[in-house]
Amino acid sequence: MADRPVAEELLALALDVAAEAGDLLVRGRAGDVAAESTKSSPTDVVTALDRASEELVARRLREARPDDGILGEEGADAAGTSGVRWIVDPIDGTVNFLYNLPNWAVSIAAEIDGEVVAGVVHAPALGRTYTALRAGGAALDGRPLRVSAVDSLTMALVATGFGYTVERRTAQVAVLTRVVPRVRDIRRMGAASLDLCAVAAGTLDAYYERGLKPWDHAAGGLVATEAGAVVGGLDGAPGGEDLYVAASPAIFGPLVDLLAQDPRADRD
Ligand code: IPD
């Protein structure tokens, strides 16, 4: 377990840097935004602002803490020697950003010795900044967060997301057809980090997705955990690329059981 003062320092730095990246993106969004290139599929876009945001975050973190490692969605990858590693999504919700929908965020998490200890999910277009410290709680703009008290899956509002490849999306839609009749309703809002923060705030009861990368869930996962969500994957595994679930405690087990019943949940 990290000692608190270090984690608090990391959180303060992450907050400053996320605010700077957010300002850059809001200014950039006022001009033309176009997909510059694609990654896993033609719809998996990268804008020049994804790259500019990651460059700014990486540079600011390196200036402040030159010995730390960093992993970023747009390619930053350095091991570091301090035991601290930053995990950065310079724009989570890139498609929303491209379409000028407000649900996008800069997500920055700090790990110490492989454990996420601090996280910031900064959503300038929503005017919201979520923060969390391991064993120190989660907050929205400084106000403490708590998950919902929902007690049955049938009453749960559940979010999910879809990957970018046709194969993954086809499998995900097949799983979804089993979920939809068993929950209150489904939402697909387009930014995993913000879905996790919404679970933390009780504005969603649960979120699940297959295929997430560390930068999608590192900061938001800590926000959800610290607000009382149960976070994990299939068969008692930690949440990861195979499956990532965050839910209010009473519905975590039933939701994972429902997802595990479908052989397509772990195939694509
Ligand atoms: C994506 C978003 C989306 C989720 C995808 C992610 P990106 O991240 O979080 O909600 O469904 O799986 O890849 O590409 O916008 O950074």
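These numbered points go through a predicted model, from its sheet to the annotated site and the nonpolar cores.

1. The sheet. Eight strands make up an open sheet of mixed pairing, ordered S4-S3-S5-S6-S7-S8-S9-S10. Its edges are strand S4 (77-78) and strand S10 (143-144); each has a single partner strand, so one side of each lacks a neighbour in the sheet.

2. S6 and S7. Strand S6 (residues 105-112) runs antiparallel to strand S7 (residues 115-123), and seven bridges join the two. Within this pair, Glu111 is set opposite Val116 of S7.

3. Helices on the sheet. Helix H2 (residues 48-64) packs on the sheet and touches strand S3 (69-72), strand S5 (84-92) and S6. The direction of H2 makes about 155 degrees with that of S5. Helix H5 (residues 192-201) also packs on the sheet, where it touches S5, S6, S7 and strand S8 (128-133). The angle between the directions of H5 and S7 is about 100 degrees.

4. S3 and its two partners. S3 pairs with S5 in the parallel sense through four bridges, and with S4 in the antiparallel sense through two. Ile70 illustrates both pairings: its bridge partner in S5 is Trp86, and in S4 it stands opposite Ala78. The hairpin of S3 and S4 has four residues between the strands, and in it Gly75 adopts a positive phi near 120 degrees.

5. The annotated site. An unreviewed UniProt entry assigns the feature "binding site" to Glu73, Asp89, Ile91, Asp92 and Asp216. These positions spread over 144 residues of sequence yet cluster in space, with a largest C-alpha distance of 9.7 Å.

6. Two site residues in detail. Glu73 lies in the loop between S3 and S4. Its relative accessible area is 19%, and since the cut-off for buried is under 20%, Glu73 counts as buried. Ile91 belongs to strand S5 and is buried as well, at a relative accessible area of 0%. Beyond its neighbours within four places in sequence, Ile91 is in contact with Leu25, Thr47, Leu49, Asp50, Glu73, Phe97, Trp104 and Ala105. Glu73, one of these contacts, is also one of the positions listed in the UniProt record.

7. The largest nonpolar core. This core has 36 residues, of which Val121, Tyr130, Leu145, Leu194, Tyr207 and Val223 touch the most other members. Two or more residues come from each of S6, S7, S8, strand S9 (137-140), strand S11 (157-160), H5, helix H6 (214-226) and strand S15 (244-247). H5 gives the most, with seven residues. At least three residues of the core are drawn from each of domain 1 (4-144) and domain 2 (153-260).

8. Tyr130 and the other core. Leaving aside neighbours within four places in sequence, Tyr130 is in contact with Gly119, Val120, Val121, Ala139, Leu140, Leu145, Leu194, Cys197 and Val223. Among these contacts, Val121, Leu145, Leu194 and Val223 are, with Tyr130, among the core members that touch the most others.

Notes:
Residues are numbered from 1 along each chain as its sequence is written. This is a predicted model: local features need pLDDT of at least 70, side-chain atom pairs count only at pLDDT 80 or more; totals for chains, interfaces and linings use all residues. Side-chain values use heavy atoms; hydrogens and water are left out. Two strands pair if DSSP finds at least two bridges between them. Contact means heavy atoms within 4.5 Å. Axes are lines fitted to C-alpha atoms, for helices over the stretch in contact, and angles run from 0 to 180 degrees between N-to-C directions. UniProt positions are given in the numbering used here, feature names are shortened, and annotations may be inferred rather than shown by experiment. Buried means under 20% relative accessible area, exposed over 50%, partly exposed in between (1.4 Å probe, protein chains only). A nonpolar core is a set of buried Ala, Val, Leu, Ile, Met, Phe, Trp, Tyr and Cys residues joined through side-chain atoms within 4.5 Å. Domain bounds come from an automatic or database domain assignment.
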